[in-house]
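Subject: Structure for you to look at

Hello,

Here is the structure I said I would pass on.

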Amino acid sequence: MSFRLTKKKVWIGLSLLIISLAIPATLLLLKRNTDTRTGAETELADVFFLPETATLPPGQQVRLMIDSKQIPLGFVQLDISFDNTKVKVKDELAITDTLKNVIRKSTNAEMNSNGMISIALGLSPDDKDNAPQGVIELATFTIEENSTENAAAMFQFTKTQLVKATEPVEVLVNSKPLTVTISKQTPAGTGGTTNTSGLSRYKYGDINEDGVVNILDYSILFDNFGKQLAAGHQFKKADINDDGTVNILDYSILFDNFGKQIE
Ligand SMILES: [Ca+2]
Ligand SMILES: [Ca+2]
């Protein structure tokens, strides 16, 4: 009799033990799922324009860029609003072939009457194993002033939806607007020569300081892209803005001055 009681007690004890172990295990699993989700959300992609600021006139070619970091992209939808009483888009959007399926693309007439640029692009099924990632140029367009007076305008992202190529998950996006200044005063130095007024030539993208910003400077920047160059490094000047890393910001400065003579 006493043996049976003991056996019963053992069973109860075991059951309690299993339950008490199961609760923390479940909690741990739940926590791990939450952690995984939080981890995914920290992968921020940047959506931006190059250059980041423009002064009109004359017209300025603008590149619509994404830096998806390590995330392969399968689908991108972007809406960009602008004040069509101050600026206008010249010609049609030129879409690159990064994401080959053009699902939606505003026409020139739509953009200028609505003050809205809308683009939706998708990965071609043929490219499924070769989805773009990192710094991607999505499209280019040219902007012109639509005002006879000095003015300021912005191109702002009103919708940014990026979807991973590998799973139907949205990527969080950090977007930066394009700031446009319309200055009706004749800009100085339109002859293609930039006076450094005491600053080193490399600050304008002339990395090898031979007096012109060209493909040689580009190749130095390209070779050192992503690197942190120590003081005294042979190509330290590829870090044009001196922020410690050769990156898209330096590329942007070089791009703005490409072809110019630097005095
Ligand atoms: Ca040069
Ligand atoms: Ca830099």
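Below is what I found in it, region by region.

First, a caution: this is a predicted model.

**Overall**

The protein has four helices and 13 strands. Of its 263 residues, 25% count as buried. Take the contacts between residues at least 6 apart in sequence: 68% of them join residues at least 24 apart.

Nonpolar side chains tend to be buried together in soluble globular proteins. The largest nonpolar core here holds 37 residues, and Val62, Val76, Ile143 and Val180 touch the most other members. Strand β4 (residues 73–81) contributes the most to this core, giving five residues. A second, separate core has 11 residues, including Tyr202, Val246, Leu254 and Ile262.

What does Val62 contact, beyond its neighbours within four places in sequence? The list is Phe49, Ala54, Thr140, Phe141, Ile143 and Leu178.

**Strand pairing around β8**

Strand β3 (residues 60–67) runs antiparallel to strand β8 (residues 135–145), and eight bridges join them. Within that pairing, Ile66 has Ile136 of β8 as its bridge partner. β5 is also antiparallel to β8, through six bridges. Here Val89 stands opposite Ile143 of β8. Ile143 is also one of the residues that touch the most other members of the largest core.

**Helices α3 and α4**

How do these two helices lie relative to each other? Their axes come within 11 Å and cross at roughly 175 degrees. Angles over 145 degrees count as roughly antiparallel, so α3 and α4 are roughly antiparallel to each other. On the α3 side, the contact uses Asp217, Tyr218 and Leu221; on the α4 side, Asp250, Tyr251 and Leu254. By class, that is four nonpolar, no polar and two charged residues.

In α4 (residues 248–257), the buried residues are Asp250, Ser252, Leu254 and Asn257. Their cover includes β1 (44–50), β12 (193–194) and α3 (215–223). Leu254 also belongs to the second core. After α4 comes Gly259, with a positive phi near 90 degrees.

**Backbone points to check**

Most residues other than glycine have a negative phi, and most peptide bonds are trans. These spots are worth a look:

- Leu56 and Pro57 are joined by a cis peptide bond, with omega about -15 degrees. Pro57 lies in the loop between β2 (53–56) and β3.
- The bond from Pro57 to Pro58 is cis too, with omega near 0 degrees. Pro58 is in the loop between β2 and β3.
- Asp91 is not a glycine, yet its phi is positive, about 60 degrees. Asp91 lies in strand β5. It is exposed, because 11 other C-beta atoms lie within 10 Å and the cut-off for exposed is 12 or fewer.
- Glu209 is not a glycine either, and has a positive phi of about 55 degrees. Glu209 sits in the loop between β12 and α3. It counts as partly exposed, with 13 C-beta neighbours inside 10 Å.

**One loop residue**

Asn84 is in the loop between β4 and β5 (87–95). Is Asn84 buried, exposed or partly exposed? With 16 C-beta neighbours inside 10 Å, Asn84 counts as partly exposed. Its contacts, leaving aside neighbours within four places in sequence, are Asn112, Gly115 and Asn146. Asn84 and Gly115 are 31 residues apart along the chain, but 4.9 Å separates their C-alpha atoms.

Best wishes

Methods. Residues are numbered from 1 along each chain as its sequence is written. Chains are lettered from A and ligands numbered from 1 in the order in which they are written. This is a predicted model: local features need pLDDT of at least 70, side-chain atom pairs count only at pLDDT 80 or more; totals for chains, interfaces and linings use all residues. A residue is buried if 20 or more other C-beta atoms lie within 10 Å of its own, exposed if 12 or fewer, and partly exposed in between; C-beta atoms are placed from the backbone. Two residues are in contact if their C-beta atoms, placed from the backbone, lie within 7 Å. A nonpolar core is a set of buried Ala, Val, Leu, Ile, Met, Phe, Trp, Tyr and Cys residues joined through C-beta atoms within 7 Å. Axes are lines fitted to C-alpha atoms, for helices over the stretch in contact, and angles run from 0 to 180 degrees between N-to-C directions. Angles under 35 degrees count as roughly parallel, over 145 as roughly antiparallel, 65 to 115 as roughly perpendicular and the rest as oblique. Ala, Val, Leu, Ile, Met, Phe, Trp, Tyr, Cys and Pro count as nonpolar, Asp, Glu, Lys and Arg as charged, and the others, Gly among them, as polar. Two strands pair if DSSP finds at least two bridges between them.
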